[in-house]
Amino acid sequence: MSVASAAPIAVAGCAPRPVLRERGQHEVFCGLTGIVWLHRKIQDAFFLVVGSRTCAHLLQSAAGVMIFAEPRFATAIIDERDLAGLADCNDELDRVVARLVERRPDIRLLFLVGSCPSEVIKLDLSRAAQRLSRRFMPKVRVLSYSGSGIETTFTQGEDACLASLVPEMPAEPGTARSLLVVGALAEVVEDQMLRHFAALGVGPVRFLPGRRAAELPPIGPGTRVLLAQPFLGDTLRALESRGATRIPAPFPLGVEGTSAWLRAAAEAWGCPSARIAESLAAGEARGRAALARHRDSLAGKRIFFFPDSQLEIPLARFLSREMAMELTEVGTPYLHRDIMAEELALLPDSARLSEGQDVDRQLDRCRDAQPDITVCGLGLANPLEAEGMATKWSIELVFTPIQGYDQAGDLAGLFARPLDRRARLEL
Amino acid sequence: MQLAVWTYEGPPHVGAMRIATAMQGVHYVLHAPQGDTYADLLFTMIERRAARPPVTYTTFQARDLGGDTAELFKTAVRDAYDRYRPQAMLVGASCTAELIQDDPGGLAKTLGLPIPVVPLELPAYQRKENWGAAETFYQLVRALAGPHAPPPGEASSRRASGATRGAGRRCNILGPTALGFRHRDDVAEIRTLLQAMGCEVNVVAPLGATPADLARLGEADFNVVLYPEVAGQAAGWLKRSFGQPCTTTVPIGVGATRRFCAEVAALAGLPARAEDAALRMPWYSRSVDSTYLTGKRVFVFGDATHAIAAAQVAAKELAFEVVGLGSYSREFGREVRDAAKAHGVEALITDDYLDVEAAIAAAQPELVLGTQMERHIAKRLGIPCAVISAPVHVQDFPARHSPQMGVEGANVLFDTWVHPLMMGLEEHLLTMFRDDFEFHDGAAASHLGAKAAPAELGHGAAPAAPSVPAPAAVTPHAVAGDPIAWGTEAEQELKKIPFFVRGKARRNTERFAAERGIGVITLETLYDAKAHFAR
């Protein structure tokens, strides 16, 4: 099942660089996992997975202790009776949703989230969403998207969710210019970014997803889109189909990434170069000072990335350019060429890029490379540690605020800590 | 469709993974989409295993569904065999692959691998994790030990030769798996116990066993079944095929351990075992310090084996009163109902944690013995709690020796269950002195974690919880339109009652007042109600 190929991809302004494309066993989460952070972000939304006991078990495992805090997600577990006939299945879904809406009167937006089983039995969730929307509007709006493993990898669940919101966004009258920052960010990061944009004269600034379901930002030909996360290809395409245009930029990781990201927006707003430099100087200085504390432990260290979130390439760029780490392999579950163009241009040629996965072969390559630190999922981390390799588990990079100047030091710290720990332990 | 936030058990293929991961030299190829590898981290993180589970996933995607998923499966099996060279393989489908009907068993057979390949039929939309584990273990045992079974009607050669020596002291220990609650230490404890009695342990399975070990199962004289949920089916087959009797007592608690030893002695033709000097539990329980434990109201929930055993220990060995007994193991519903009847309560057989929460709130116990889920329910309700059964979090795979079974297991149970009650009492003493300058009313219960809200029935939700109306049963005194008010003095007096019985007192008093049409509860009402209910 291992089909590997090295095909060149074209990158703006660069020679095409080879990417190792693999398929085989993927040691990754499916898109359902995105629910775990999205439901914290959209505070009046509920995510109902239509799936199997496996889906419920996955969410439980991924959500850890959060599951006990009455989170706003659940699974409608398909059972034998549902498999008997599709009509029955829709009735059952309506019953479950009615019970849910009754039990949770605080819900304003309900996502029906497709899973592998619901897709294989071809349960039409988009039709179900329309039907249920008609029934529960205006109190509850019902949308659908797929978080299944056969369609989505990990963070792509957020992409599918946000893309489902785009048709619901109101049209912006005229061609008024506005900035739409896309991708769920920690609120502390959002607030920092808002202060920067205000100082740069960029505005009005809106976020997708917002904190309330009812407050969907308007969109139109004047909307400029700045991606805060790299895994949002479908959402971007949907936004562009509504007339918005993307501001190309690397992602706001590290001091360099944050400055380039903010500068791209400021330039689109015609902010003079001198004012940009002046406005960002204090943040840059703070970020650099925070990074300096970790540089000694990271500089010259070799790092290997297993694919997980699509954050790997921007993270590798940050670690190589700002922390002087050496890249061995940078794996990503999916490489979106256009969105990643600015990042790839900054990535050293020495790094091997891989897309997709055959986990056994990749483990072989990792062992051959003998990196100083390996970024991987929780299924691989302890086994690799037991083999004597230092690891950084990657899920934390999705849940922790890492974007912006004031998180740059924390971000470097996430990679420095496992090395520090290994140095300290006398066991 | 069933609406679920929390599930007590995973899907059946996770049960199969628990068997494969427990063993050596077995590889499991699972026809499954991307994402099902999440289950790996249960083993690498919760159980802290140092190696990846021996499972290969085919990781089919939407674009594969056109037709070549069967080929994908065959390639995965061939590659896994070439890479890992297992002694035996398991092949099967996860819930999604069950729907696309590729027949893993038939496909694997066409490859003609030189090792036993055991196909698994695990109906993911009907069955759950423990059933999957039991079925997988049974299929493996049948496939590997089966060829060594004597023809029907003929005694096995091993048993025949043992009989001539006048001793049948060789046994297998069956049931311990990966991700089993305290399985590692239970095995150590029971192995020591059996050896001290003069029994020889032939094979422990599935934990640590190889396929070759399973092939030797028939050489034992009898089987020790530690966890009927996992090993019951296989033990039944071994009994039929090899004539091996098996133990029926699960040695959790002092009495059960004694009965277990008597059972083993009878099966092995050995003298009964003398009392162990390391058994401290009976004396601890008889010591005067334990007097306050008498009649403590306890609610028990877990898998059938642990719940039934815990209820027995609670009632007979700690002198608690069992006010609730239940299990999520539907397969063992009859056993749980029988046990509940013996304690004079109605059994609760459910896998819906909201039902369990409602039952606990209604029973107003002073101690909850349950799973990780009951730990959180008890935390919400401000009731002391100890964990007795899977599912559990990482802290219940401890580094220290911590069995539930046998002699040391009984000691562990005493400490584990009494500790939260002691903490509750300490907590009460602290709140008694709440007006002292050192203690303030907002101080959280020490055993509830630093962030817990002040323990008050029905209001102990974790701070991260969104504003959600709790089920009505959890807030019995907060019924909409409740006309009963509390007088200031009575309210003050209520706060002097230990927090873990305060909810019951509040509820009883309100019921007392309601029945008598009393609008405002005074100090008098409170004590009238106390007298009324203290019978």
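**A close look at one residue and its setting**

Reply: Of the 427 residues of chain A, 63% count as buried, where buried means under 20% relative accessible area, exposed over 50%, and partly exposed in between, with a 1.4 Å probe and protein chains only. The model is a predicted one, in which local features need pLDDT of at least 70 and side-chain atom pairs count only at pLDDT 80 or more, while totals for chains, interfaces and linings use all residues. Residues are numbered from 1 along each chain as its sequence is written, chains are lettered from A and ligands numbered from 1 in the order in which they are written, and side-chain values use heavy atoms, with hydrogens and water left out.

The secondary structure of chain A consists of 17 helices and 15 strands; helices (H or I, at least four residues) and strands (E, at least two) are DSSP runs, numbered from the N terminus. Chain A is as compact as a globular protein of its length, because its radius of gyration of 22 Å is close to the 22 Å that the globule rule gives for 427 residues. That radius is taken over C-alpha atoms, and the rule is 2.2 Å times the number of residues to the power 0.38. Along its principal axes, the C-alpha trace of chain A spans about 60 × 55 × 40 Å. Of the contacts in chain A with a separation of 6 or more, 73% are between residues 24 or more positions apart, a contact being heavy atoms within 4.5 Å.

When residues up to four places away in sequence are not counted, A:Asp360 touches B:Arg52, B:Arg83 and B:Tyr84. With B:Tyr84 there is also a polar contact of 2.5 Å between the two side chains. A polar contact is a pair of N or O atoms within 3.5 Å; within protein, one must be able to donate a hydrogen and the other to accept it, and residues adjacent in sequence count only if both atoms are side-chain atoms.

Chain B has 20 helices and 15 strands, and 61% of its 535 residues count as buried. In chain B, residues 24 or more positions apart account for 71% of the contacts with a separation of 6 or more.
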